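Please look over the structure below before reading the points. The notes are meant for someone who has not seen it before.

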Amino acid sequence: VAPRLSVAFLPSGVTPNYYQFMRWRVLQRFVSANLNVFGTQSLLMGLGIKSSASQLGALSAALKWVLKDALGKMVRMAWASR
C-alpha cells in the first residue's frame, strides 16, 4: 500500500530532503489552522459573542465564517492583484 500511495501523492524524482520538508510543512499547517481557530474564537469572545445559546451559536458560526474565510480570501486577492 505504501508504494502505491507514494507514487500517487509524491512528485517523481524527489530527493530524501523532500520528506523532511513535508513533515515540517504538515506540522506547520496543522499549527497554523489551530491558531486561526483559536484566534477567531478569541476575537468573537472579545466582541461579546459567545456560543452558549443556540441563537448566539448560529451568529457566532456565521461571523466566524465571514471573518476567517471571506475576509481572508478578499485580502489575499487584493494582495495578489497589487
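This is a predicted model: local features need pLDDT of at least 70, side-chain atom pairs count only at pLDDT 80 or more; totals for chains, interfaces and linings use all residues.

1. The chain holds three helices and zero strands, and its elements follow the order α-α-α from the N terminus.

2. Of the 82 residues in the chain, 6% are buried. The chain has an accessible surface of about 7100 Å², and carbon and sulfur atoms account for 67% of that area.

3. How many aromatic pairs are there by this rule? The count is two aromatic pairs. One of them joins Y18 and Y19, with 6.5 Å from centre to centre and 70 degrees between the planes. That pair is edge-to-face, because planes over 60 degrees apart count as such.

4. The other entry to look at is Y18 with F21: the ring centres are 6.3 Å apart and the planes stand at 40 degrees, so this pair is tilted. Both Y18 and F21 belong to helix 2 (residues 16-46). They are three residues apart in that helix, which is about one turn.

5. Y18, Y19 and F21 together form one aromatic cluster. Are these residues buried, partly exposed or exposed? Y18 has a relative accessible area of 24% and is partly exposed. Y19, at 43%, is partly exposed, and F21 is partly exposed at 47% relative accessibility. The class follows because partly exposed covers the values between the buried limit of 20% and the exposed limit of 50%.

Terms used. Residues are numbered from 1 along each chain as its sequence is written. Side-chain values use heavy atoms; hydrogens and water are left out. Helices (H or I, at least four residues) and strands (E, at least two) are DSSP runs, numbered from the N terminus. Buried means under 20% relative accessible area, exposed over 50%, partly exposed in between (1.4 Å probe, protein chains only). Accessible areas come from the Shrake-Rupley method with a 1.4 Å probe; for residues, only the protein chains shown count as cover. Rings of Phe, Tyr and Trp (its six-membered ring) pair if their centres lie within 6.5 Å; planes under 30 degrees apart count as stacked, over 60 as edge-to-face and the rest as tilted.
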